[in-house]
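Hi,

Here is the structure I promised to pass on. My notes follow below it.

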Amino acid sequence: MFFDSFSSFIQMGNHGIYVWLSYGIFAVIVAANFISPIISRKKVIKDLERQMRREQK
Amino acid sequence: MWQALTRLYHKLGSPKWFYQISGRCMPWFLIAGSGLMAVGIVWGLAFAPADYLQGNSFRIIYIHVPAAMLSQSAYIMMAVAGVVGLVWKIKMSFIVGKVIAPIGASVAIIALLTGAIWGKPTWGTYWVWDARLTSMLILLFLYFGVIAIHNAIESEEMANKAAAVLAIVGSINIPIIKYSVEWWNTLHQPATITLTKKPTMAPEMFIPLALTIIGFYCWFAFWVFARTRNEILLREHRTKWVKKLLTSKPANNNGAST
């Protein structure tokens with residue numbers, strides 16, 4: 001471990017705000033890239049199933 | 001050899017085959033990407049030594065450089081997919097080109113924002129209109145252009161062709177980004193790592209960077225596969241295999257399984 005304590009890890013020698021803001025933005029955009037195809041997959045499957053049921057009637 | 005290649009080529013063009021193979025590959029890309037990213041980020045944030053000039057702000061490199069590299073690689077892939085689609089009229093190729101655009105845009109946004117935040121403690125400013133930063137912003141706008149074409153043009157065939165042409169023409173921007181730090185005076189430092197030379201960074205700084213770069217490319221593959229599979233289901237919903245797939249499995253299965 002490079003830092004002596006947890007608080008110095010958070011502070012990062014006065015650069016904490018820049019480092020953590022960068023990683024925060026990164027985390028949000030990465031999460032969106034993981035979640036968005038899952039949501040659209042559910043929607044696609046739901047729509048197609050509804051369509052199939054309609055055609056069967 | 002040649003026959004095997006052409007067979008692979010025709011299989012790649014088949015949505016059904018792509019759907020099955022991608023489903024089998026996806027868990028591995030997810031596991032590899034997440035593992036590499038986790039190790040690389042923890043290493044880079046907590047264990048790598050601070051830079052003697054930039055202090056701890058240099059730790060942004062572990063997400064900035066992977067994002068910057070991937071946003072350019074993704075653009076090249078999109079342009080190549082456009083060429084393949086236009087020349088050989090392969091449907092799958094257009095689908096891949098289409099799904100890369102939003103992912104590439106999001107990655108370019110990561111590169112631009114983390115770069116801007118990194119610029120503040122290092123250069124004293126969030127933004128300068130120099131060659132590297134401006135050409136990266138143009139890359140983002142090119143991604144937006146491709147997305148906009150797909151949204152605006154109703155006819156799928158027309159949209160595919162127009163988006164492919166924009167992707168191909170816009171690829172002139174890629175060498176401009178790459179050489180911008182050499183051709184023009186810029187605040188941006190030259191390439192930290194190149195494929196041809198030994199890294200100038202210390203190994204305990206460089207290894208975590210290599211891990212996050214490879215990990216990010218694995219995640220990218222996962223994202224492209226996930227989105228491509230959705231597009232395949234939509235476009236192929238009249239085929240027998242998609243109908244069979246939909247009726248034979250529970251709807252709430254959102255996993256990567258075939």
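Which residues of H2(B) are buried? They are B:Pro15, B:Tyr19, B:Ser22, B:Met26, B:Phe29, B:Gly33, B:Leu36, B:Met37, B:Gly40, B:Ile41, B:Gly44 and B:Leu45. Buried means that 20 or more other C-beta atoms, placed from the backbone, lie within 10 Å of a residue's own.

This is a predicted model: local features need pLDDT of at least 70, side-chain atom pairs count only at pLDDT 80 or more, and totals for chains, interfaces and linings use all residues. Residues are numbered from 1 along each chain as its sequence is written, with chains lettered from A and ligands numbered from 1 in the order written.

More on H2(B). Its buried residues pack against H3 (61-88), H4 and H8 of chain B. Helices are DSSP runs of H or I, at least four residues, and strands are E runs of at least two, numbered from the N terminus. A kink of about 30° lies at B:Cys25, shortly before B:Pro27. That bend is the angle between axes fitted to the seven residues ending there and the seven starting there.

Next, chain A. It has two helices and zero strands. Its radius of gyration (over C-alpha atoms) is 22 Å, well over the 10 Å that the globule rule gives for 57 residues, so chain A is more spread out than a compact globule. The rule is 2.2 Å times the number of residues to the power 0.38. Buried residues make up 16% of the chain.

Last, the contact (C-beta atoms, placed from the backbone, within 7 Å). Chain B gives 32 residues and chain A gives 28. On the chain B side, H4(B) supplies the largest share, 10 residues.

Best wishes

Notes
Contact = placed C-beta atoms within 7 Å. Buried ≥ 20, exposed ≤ 12 C-beta atoms within 10 Å, placed from the backbone.
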